[in-house]
Amino acid sequence: MSVYQSPKSSNPVYALAFGAHPDDVELACAATMLKLHDEKKSVAICDLTEGEKGTRGTREIRQREAQEAASWLGITERINLNLGDTAFENTLENRNKIISVIRYFQPTVVFATQPEERHPDHIRASRLITEACFYAGLQKIETHWNNQPQTPHRPKHLLYYIQDRFAEPDVILDVSQTYEASRKAILAYKSQFFNPDSTEPETFISRKEFLEGLDAKARVFGEMIGAKYGEGFLIYRHLGIATFSDVFR
Ligand SMILES: [Zn+2]
């Protein structure tokens, strides 16, 4: 199942990032992934589909690109559930597959697609991941990994990354130090983004302006916290703080 495993693969991981398609995690929060890696926090990625219905590229090309992107970001392991691009639904079977992945990696933090998005797959993915995060903690939902029964695990934090639909972030991470380097992971998806030599049809994300738009978004989020670049997230719960100085320093 795994499409990429780094030589330093670790389990459990600190963070698990889900995407509907290979490239979603990178487009929304590549610099956050790289920053976590620099802080020695292990990160895994789980793509729900192989993006095989995308206008550009092929299943095989996108798989190679996803591996390359993962290696740029120091991802410990990347899994693809192959649930069917444009076709997957929020079913018991699919929820259980995602629950298995959550229990396998036992993350403290999960990154998921935000609920309001341009692509319908992203909207369904958001709901599916949200439900799986909750159900993964229920003892009586039984799942297996390599034929072994799994123990329940509910991630402590669920953060939604802001991708195509602009949203007012609840938290913004300063990614000024990793933003430039993280672009290499996005450019690994050569089949998807601007390439003047491509003979394939133009898409929403293959326009030259699309990549410039990503930079502009990171600059706006950065500006909101007095940094050069930022990546924003939504959190649908109240954040409790143990000591005042944890945050207000
Ligand atoms: Zn996508």
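Guide: A residue is buried if 20 or more other C-beta atoms lie within 10 Å of its own, exposed if 12 or fewer, and partly exposed in between, with C-beta atoms placed from the backbone. This is a predicted model, in which local features need pLDDT of at least 70 and side-chain atom pairs count only at pLDDT 80 or more, while totals for chains, interfaces and linings use all residues. Residues are numbered from 1 along each chain as its sequence is written.

Visitor: Which residues does Leu16 contact, leaving aside its neighbours within four places in sequence?

Guide: Two residues are in contact if their C-beta atoms, placed from the backbone, lie within 7 Å. Beyond its neighbours within four places in sequence, the contacts of Leu16 are Ala44, Cys46, Ile102, Phe105, Pro107 and Val110.

Visitor: What word describes how H3 lies relative to H4?

Guide: Axes are lines fitted to C-alpha atoms, for helices over the stretch in contact, and angles run from 0 to 180 degrees between N-to-C directions. Helix H3 (residues 92-105) packs with helix H4 (residues 120-135) at an angle of about 60°, their axes being 9 Å apart. Angles under 35 degrees count as roughly parallel, over 145 as roughly antiparallel, 65 to 115 as roughly perpendicular and the rest as oblique. H3 is therefore, relative to H4, oblique.

Visitor: How do the residues of the contact of H3 with H4 divide by class?

Guide: On the H3 side are Asn94, Arg95, Ile98, Ile99 and Ile102, which meet Leu128, Ile129, Glu131, Ala132, Cys133 and Tyr135 in H4. Ala, Val, Leu, Ile, Met, Phe, Trp, Tyr, Cys and Pro count as nonpolar, Asp, Glu, Lys and Arg as charged, and the others, Gly among them, as polar. The residues of this contact divide into eight nonpolar, one polar and two charged.

Visitor: Is the crossing of H1 and H5 left-handed or right-handed?

Guide: The axes of H1 and helix H5 (residues 179-187) cross at roughly 130° and come within 8 Å, so the two helices are oblique to each other. The contact joins Glu26, Leu27, Ala30, Ala31 and Leu34 of H1 to Tyr179, Ala181, Ser182, Ala185 and Ile186 of H5. A crossing is left-handed if the near helix is turned anticlockwise from the far one by less than a right angle, and right-handed if clockwise. The crossing of H1 and H5 is right-handed.

Visitor: Why does Asp23 count as buried?

Guide: Asp23 is placed in the loop between strand E2 (15-19) and H1, and its phi is near 110°, a positive value in a residue other than glycine. Leaving aside neighbours within four places in sequence, Asp23 is in contact with Gly51, Tyr189 and Gln192. Asp23 counts as buried because its C-beta neighbours inside 10 Å number 26.

Visitor: Is Asn82 buried or partly exposed?

Guide: Asn82 is found in the loop between strand E4 (77-80) and H3. Although Asn82 is not a glycine, it has a positive phi of about 50°. Because 16 other C-beta atoms lie within 10 Å, Asn82 is partly exposed.

Visitor: What distance separates the C-alpha atoms of Glu65 and Pro22?

Guide: Glu65 is in helix H2 (residues 59-73), and with 22 C-beta neighbours inside 10 Å it counts as buried. Not counting residues up to four places away in sequence, Glu65 touches Pro22, Ala188, Tyr189, Lys190 and Ser191. Glu65 and Pro22 are 43 residues apart along the chain, and their C-alpha atoms are separated by 8.4 Å.

Definitions and conventions
Helix = DSSP H or I, 4+ residues; strand = E, 2+ residues; numbered from the N terminus.
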